[in-house]
Structure formats: C-alpha cells, structure tokens
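Biologist: Put the model up, please. I want to ask what stands behind each label.

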Amino acid sequence: MEQEEKQLSEKESLELITTMINTAKNSYYDTGIGAIMWGAIVAICSLVKLSEIHFGFRLPFDIYLLAIVAIIPQIFITIKEKKERKVKSYDDTYMDYIWLTFGICIFLLIFIVNNISADLNPLVKDYKELTKGRIDWVDFRFSEFISPLFLMLYGFPTFITGAACKFKPMLWGGIFCWTCCIISIYTTIKIDLLLTAASAIMAWLIPGILMEKEYRIYKKEQAILNV
Amino acid sequence: MFKDLDPILHSQLRLAVISLLISVKEAEFTFLKEKTNATAGNLSVQIQKLKEAGYIDVIKQFKDNYPQTICKITNAGIRAFEEYVQVLQTYLGKKG
C-alpha cells in the first residue's frame, strides 16, 4: 500500500474492508503458558490427593495450597502477555473478565464447601453412632459431592473460551469437564479425583500445549516478516 | 441520487487502517504497519489525516523506554465507517 491516495472502486473498497477485518480478527495468539500451568497444577493436586487417600499417607501441607501459590506466577504471566500484545481486541477484555469471574467463583465455592463440611460432618458422625449402621443412607459422604461442583465450574469458562475463540480443543475440553461432572456424582472420591485430573489435562493442559505450539509458529513467521 | 463516498475514508491506506481499528479496541502503530504493509512515513501521514478528521485517537507514550503509538477509533470514526459502508452498498446494489 505504497500509493497513499490510490483511489479504489466500490468493489475494491468492500474487499479491502473484509480482508482487514478478518486480518484483525486473526491477529490474536495466546501464549498458552497460563493454560499449561493451571492444567498441570490441578492435575498434580488431584493426583497427589488421590495418592494420599489410596496409600494412606499425608503430606505436611494441603497440596491444594499449590493452586493459591500459582496465582503469583499467573499475575506475572498476565502482565507479560499484555505488554507483548500489539493489539487489544474486544474479545480479550471479555475473556479476562470471564476468567476473573471463574477465579472468584472457585474461591467462593471452596469457602462454601468448607463451611458446609464443618457443619455437616459432625451431624453425620453423630447420626451414624446413634443408628449404629442400621440405616444405609448414613454412609453419605459430602466430600464425594464436592468434585462435581468444581467440574461444573471448570467447564464454564473453558467452553466459552473455546466457542468465542473458535478453538475446538477447549470447546471439547469444556464438554469433557461437564461429562466428568455428571459421572462423578455417582462415583467414589478416588474416581472423582481421577476425573478431575483428566478434566484439567483435557480442558487446559492439552489445549495450552497446542496454543503454545501455534504461538511459536506465529512468532517465527513474524520474525521472518520483520527481517 | 447517491451520496458521495467520504473522501477521508475513500483512500486505500486510510480505509485499511479504519477497517483494522473498527475490529479491535486499540492497536499499536507497529501492528497497523505490519498488517497494511505500508511504510512508516506513509502510515504516519495517513494516521495524522484520520486524527485531524476526528476519526481516530492517537496516544503517544513510552513502553520500556521506547516510544509507542496507540491508535483507537472514535465514535465519529465508527459513524463515518458505517455510513461509508452503507453508501458503498447502495452503489454496489445499483450496479448489481
């Protein structure tokens, strides 16, 4: 576009508009680092918890604290990604808010679940002792219903991101989380933890790796163009 | 009777810039240069014309000690672009 005042025909104008709008739409690439990190962390936390239950050992700290610690590198990743972006789209803003909402909902859910457990567990324990195992439903364990709640939440921003960014691995990842959510209602806590780990891998880790790969290709192309 | 096409927008580079900016919230000068394949000098001139027409906002700042220029379409720019497309469609409709 060297000729600054080149006059266009109506058809050329419309073609140029369409081309530029599509170019702008396809100009955003996520580095995928955040998705890789969260996919790995949630999978590790679930698998370590599963090992604790299965092999009967306990770590000196709650493994889920790792998820809280991971917020710090996430802040740095977000700042770095924003700095590197040459363009800010409307989708980016919505996506930021969706993932922020998700983070807030997760912490609220942890708070709610802990409060329910603190109130409910002594009640169930007392009832168990009173009935001396005569009634079957007393075997109710609230902990087995926690994973479906989290899996339901995991699916929501993942599905939206996949649909909005037309990124199928995340779209399917979201659907996978909701499928695991339904299954985990009927399974024991060990299977629930396995399903949670599988969901984290399918919803974030694998799509993150694919995003990172695409981003590297994009960066390489940019480097060639700028030579 | 057809309305005339906005002369500010009816130029290849300025139309390309406005079409890019209509799709995003804001964009750096380097992004516009990369996508339009224009030279820095030519792009600067065209951006200045769009700014003078009130179609875009240009923010100049420093990022990591380097100057950075950010362009953003204004409400007047959005209205002008929409009108331009409408007029364009009437022309094409008549010809078709």
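Modeller: Start with the contact: 28 residues come from chain B and 24 residues from chain A. This is a predicted model: local features need pLDDT of at least 70, side-chain atom pairs count only at pLDDT 80 or more, and totals for chains, interfaces and linings use all residues. Residues are numbered from 1 along each chain as its sequence is written, and chains are lettered from A in the order in which they are written.

Biologist: What makes two residues a contact?

Modeller: Their C-beta atoms, placed from the backbone, lie within 7 Å.

Biologist: Which element supplies the largest share of the side of chain B that touches chain A?

Modeller: H1(B), with 7 residues. That side divides into 13 nonpolar, 11 polar and 4 charged residues. Nonpolar means Ala, Val, Leu, Ile, Met, Phe, Trp, Tyr, Cys and Pro; charged means Asp, Glu, Lys and Arg; the others, Gly among them, are polar.

Biologist: Why are S1 of chain A and S1(B) called paired?

Modeller: Pairing takes at least two bridges found by DSSP. Here 2 bridges join S1 (residues 87–88) of chain A to S1(B), so the strands pair. They run antiparallel. A:Val87 has B:Ala27 as its bridge partner.

Methods
Helices (H or I, at least four residues) and strands (E, at least two) are DSSP runs, numbered from the N terminus.
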